[in-house]
Amino acid sequence: MTLVSFFSFLSKPLIMLLSNSSWRLSQPSFFLVGIPGLEESQRWIALPLGILYLLALVGNVTILFIIWMDPSLHQPMYLFLSMLAAIDLVLASSTAPKALAVLLVHAHEIGYTVCLIQMFFIHAFSSMESGVLVAMALDRYVAICHPLHHSTILHPGVIGRIRMVVLVRGLLLLIPFLILLQKLIFCQATIIGHAYREHMAVVKLACSETTVNQAYGLTVALLVIGLDVLAVGVSYAHILQAVLKVPGSEARLKAFSTCGSHVCVILVFYVPGIFSFLTHRFGHHVPHHVHVLLATLYLLMPPALNPLVYGVKTQQIRQRVLRLFTQKD
């Protein structure tokens with residue numbers, strides 16, 4: 001299934017759920033504050049966020065174009081990289097436009113349905129990005145620990161199934177969020193102290209019972225982050241064990257270098273994400289504007305930096321980028 005057909009498949013149940021008129025008409029719209037406490041500086045803050053979004057658009061479109069146009073890059077590593085780039089485009093575009101509108105032109109109001117759609121795409125595609133990083137770790141494990149069988153283990157059929165599992169997991173985990181949010185009652189001011197629609201920020205506004213919402217949100221976060229980080233850690237533990245057995249420091253360095261870009265991407269995604277999650281759940285003494293800035297950067301930094309990391313540290317991508325921008329008519 002292609003990414004386009006997946007979006008078509010995804011949109012049908014989502015639209016059916018959101019088009020329930022009795023639900024939609026009974027729900028309020030929300031007011032996005034932006035970055036509380038830094039209202040006077042919001043336009044200046046929008047500048048680096050806009051640059052990050054521009055880098056994400058240009059970088060990921062370039063990665064997709066290069067991999068699509070070059071048949072020699074239709075290998076597991078680069079197919080997973082193209083999926084990561086597509087997910088990053090959706091993730092950045094689900095966050096940045098509304099956040100920039102709030103910060104620059106004070107477009108604070110957001111309808112309930114639009115709010116839910118934004119929340120769905122942000123959380124679903126964050127889960128998908130984490131899943132792709134696990135798939136890329138698996139690819140590195142097979143390439144280093146079983147190099148002679150790499151093409152037979154990760155053949156196109158297996159890659160297709162892995163990509164489908166990543167996409168479907170992101171969809172299935174997030175649909176219950178929409179169902180649970182449907183049951184909430186809002187009887188107070190619907191002001192969200194964020195620049196975008198965040199799940200727990202909306203749950204906290206409800207005056208009805210939210211224990212199930214909070215428990216499910218925490219469970220999903222722990223399952224996705226916990227299991228994915230564990231899977232990546234196990235993969236790299238085996239990789240490290242295999243590389244240390246390789247004779248010669250030059251051969252070991254070459255083996256490590258093949259994992260360098262992926263390790264950088266993992267750190268860029270998981271470290272800010274885990275820190276943002278912990279400060280939101282347990283960091284009651286952390287200023288709210290710090291949490292909002294971290295949460296926003298967490299969604300924009302990986303899409304902006306991933307293409308730069310792979311462009312700099314991956315020779316095949318770097319050479320084709322240079323050829324793309326230096327070729328003469």
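1. Helix 5 and helix 11 cross in a left-handed sense. The model is a predicted one. Helix 5 covers residues 112-145 and helix 11 covers residues 288-313; their axes lie 12 Å apart and the packing angle is about 35°.

2. On the helix 5 side, the contact is made by I122, S126, E129 and M136. Their counterparts in helix 11 are Y298, L299, P302, N306 and Y310. By class, the residues of this contact comprise six nonpolar, two polar and one charged.

3. Helix 9 spans residues 211-244, which is 34 residues. From first C-alpha to last, helix 9 reaches 48 Å, close to the 50 Å expected at 1.5 Å a residue.

4. Which residues of helix 9 are buried? They are N213, G217, V220, A221, V224, D228, V232, S235, Y236, I239 and V243. In an α-helix, residues three or four places apart point the same way, because there are 3.6 residues a turn.

5. Strand 1 takes in residues 30-32 and runs antiparallel to strand 2, with two bridges joining the pair. F30 has I110 in strand 2 as its bridge partner.

Methods: Residues are numbered from 1 along each chain as its sequence is written. This is a predicted model: local features need pLDDT of at least 70, side-chain atom pairs count only at pLDDT 80 or more; totals for chains, interfaces and linings use all residues. Side-chain values use heavy atoms; hydrogens and water are left out. Axes are lines fitted to C-alpha atoms, for helices over the stretch in contact, and angles run from 0 to 180 degrees between N-to-C directions. Helices (H or I, at least four residues) and strands (E, at least two) are DSSP runs, numbered from the N terminus. A crossing is left-handed if the near helix is turned anticlockwise from the far one by less than a right angle, and right-handed if clockwise. Contact means heavy atoms within 4.5 Å. Ala, Val, Leu, Ile, Met, Phe, Trp, Tyr, Cys and Pro count as nonpolar, Asp, Glu, Lys and Arg as charged, and the others, Gly among them, as polar. Two strands pair if DSSP finds at least two bridges between them. The expected span of a helix is 1.5 Å times one less than its number of residues. Buried means under 20% relative accessible area, exposed over 50%, partly exposed in between (1.4 Å probe, protein chains only).
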